[in-house]
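Please look through the sequence and the structure shown here before reading on. The paragraphs that follow move from one local feature to the overall form.

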Amino acid sequence: IEERVKNFVLHSRQQYAWVDYQGVVTEELTVDEKRHVQALLLGQRSPDPSEPPIIKRNLDELVSSGYQAFGTNEAKRWIGLAEQLRSLNVSYREFEPPGVSSTLMRVLSKEGYELLMDITVPLDIQIATYNAFIKAKPEGVEQVEYIDVRVPGRVYLKEI
């Protein structure tokens, strides 16, 4: 018998589950855990850096304990991205890692903005670009669909 450690929360559509380093679902979140996660996603509470990351990936099927949701390398890469964001002191609600043939990562910032980032460009430069934008944010930019910081030193917005 092998005990699997809870490493991150998978958010797939309306389902929330614990996933380990091997990409295996260990269990679904309890009602209280789910409520806690949803409060964060809705901006009703602030992110806590000590909490496990919430990783969004909309799967076609429902998952249950023991389900191999992802490959080991994929799960480890995602946890590595979460650790890199944490090491840069980025406070975020959840992130959606790139797909197999993409380098685009979507991060839901603590402010509620969807950030488009490129994992092949140093994340610290993209985060610095975003932070500078937030500090000098022009008026009337509250309603944006996303903020693109993939080009260092440049911010692109898509307004709603």
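Which residue just after helix 1 takes a positive phi? In this predicted model, that residue is glycine 43, whose phi is about 80°. Helix 1 itself spans residues 31-41, and among its residues Val37, Ala39, Leu40 and Leu41 are buried. The cover over these buried residues includes strand 1 (8-12), strand 2 (15-19), strand 4 (54-56), strand 5 (92-96) and strand 6 (104-109).

Of these covering elements, strand 5 is itself mostly covered, with four of its five residues buried. Strand 5 runs antiparallel to strand 6, and four bridges join the two; within this pairing, tyrosine 92 stands opposite serine 109 of strand 6.

Another place to look is the loop between strand 2 and strand 3 (25-28), where aspartate 20 lies. Aspartate 20 counts as buried because its relative accessibility is 2%, where the cut-off for buried is under 20%. A polar atom of the aspartate 20 side chain lies 3.0 Å from the backbone nitrogen of glutamine 22.

Stepping back to the whole chain, the protein has three helices and nine strands, which follow one another along the sequence in the pattern β-β-β-α-β-α-β-β-β-α-β-β. The radius of gyration is 16 Å, close to the 15 Å that the globule rule gives for 160 residues, so the protein is as compact as a globular protein of that length. Buried residues make up 42% of the 160 residues, and of the contacts between residues at least 6 apart in sequence, 45% join residues at least 24 apart.

Terms used. Residues are numbered from 1 along each chain as its sequence is written. This is a predicted model: local features need pLDDT of at least 70, side-chain atom pairs count only at pLDDT 80 or more; totals for chains, interfaces and linings use all residues. Side-chain values use heavy atoms; hydrogens and water are left out. Buried means under 20% relative accessible area, exposed over 50%, partly exposed in between (1.4 Å probe, protein chains only). Contact means heavy atoms within 4.5 Å. Two strands pair if DSSP finds at least two bridges between them. A polar contact is a pair of N or O atoms within 3.5 Å; within protein, one must be able to donate a hydrogen and the other to accept it, and residues adjacent in sequence count only if both atoms are side-chain atoms. The radius of gyration is taken over C-alpha atoms; the globule rule is 2.2 Å times the number of residues to the power 0.38.
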